[in-house]
Amino acid sequence: METRRLIIRRWTLVDAEALFKYASDPDVGPAAGWPRHTSVEESRKVIEEVFSNQYTWAMELKATGEAIGCIGFYPHGLSNIEIGENDCEIGYWLGKPYWNQGLMTEALREMIDYCFNVKGYETLWSDFFVDNPASGRVMEKCGFRDTGKINWCSNLYRGDERPVKIMRLDYSID
């Protein structure tokens, strides 16, 4: 997948150093629900064991060729929240030097298009920790609406301590 500034592609082991560079920042991982990375080897292991699937992509900045973040979806059965069989949950994170530049919104719009028009999902879900409202604003810019539901995601880092707001986007033909 490609946007104006990004290539959205599969992760490779060559990305381990870039992943560590951004995932070791204590402001990045915990905001997304995972502990910061402590070594390049840990980042390599995450690529091999967590990111090597059909649901998870690196966000490569075209200008540098570097992986600067991650976006993906979780189908029914893999989601952190209760979703329908024809639905998926979208999740993402972005390296801190690239916050507030519209890159995450750009990537999320591309993933929405992919999930609806290529994968055929009916409803997309996402959630964000209430102490990370910037993530919720990205969702809102892309058409997600607050469901009014709050959830606790015990499988996420500090997920028992921090509630998430659940957002929803339904497929529409416009």
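**Figure 1. Accessible surface and overall build of the protein chain.** In this predicted model, the accessible surface of the protein chain comes to about 9000 Å², and carbon and sulfur atoms account for 47% of that area. Of the 174 residues, 49% are buried. The C-alpha atoms occupy a box of roughly 40 × 35 × 30 Å along the principal axes.

**Figure 2. Order of helices and strands.** The protein chain holds 5 helices and 7 strands. Read from the N terminus, their order is β-α-α-α-β-β-β-α-β-α-β-β. The radius of gyration is 15 Å, close to the 16 Å that the globule rule gives for 174 residues, so the chain is as compact as a globular protein of that length. Among contacts between residues at least 6 apart in sequence, 63% join residues at least 24 apart.

**Figure 3. His-37 in the loop between helix 2 and helix 3.** The loop that holds His-37 runs between helix 2 (29-32) and helix 3 (40-51). His-37 has a relative accessibility of 5% and therefore counts as buried, the cut-off being under 20%. The side chain of His-37 makes a polar contact of 2.7 Å with the side chain of Ser-43. Residues up to four places away in sequence aside, His-37 touches Leu-19, Phe-20, Ala-23, Ser-24, Glu-42, Ser-43 and Val-46.

**Figure 4. Ser-79 and its polar contacts.** Ser-79 sits in the loop between strand 3 (66-75) and strand 4. Its relative accessible area is 17%, so Ser-79 is buried by the cut-off of under 20%. Two polar contacts of the Ser-79 side chain are shown. One, at 3.0 Å, is to the backbone nitrogen of Ile-81; another, at 2.5 Å, is to the side chain of Glu-89. When neighbours within four places in sequence are left aside, Ser-79 is in contact with Tyr-74 and Glu-89.

**Figure 5. Backbone of Asn-100 in the loop between strand 4 and helix 4.** Asn-100 is placed in the loop that joins strand 4 (87-94) to helix 4 (103-118). The phi angle of Asn-100 is near 60°, a positive value in a residue other than glycine. Most residues other than glycine have a negative phi. Asn-100 counts as exposed because its relative accessibility is 78%, over the 50% cut-off.

Terms used
Residues numbered from 1 in each chain as written. Predicted model: local features only at pLDDT ≥ 70, side-chain atom pairs only at ≥ 80, totals over all residues. Heavy atoms only, no water. Helix = DSSP H or I, 4+ residues; strand = E, 2+ residues; numbered from the N terminus. Rg over C-alpha atoms; globule rule 2.2 N^0.38 Å. Buried < 20%, exposed > 50% of the residue type's maximum accessible area, 1.4 Å probe, protein only. Contact = heavy atoms within 4.5 Å. Areas by Shrake-Rupley, 256 points an atom, 1.4 Å probe, with all protein chains shown as cover. Polar contact = N/O pair within 3.5 Å; in protein donor to acceptor, adjacent residues only side chain to side chain.
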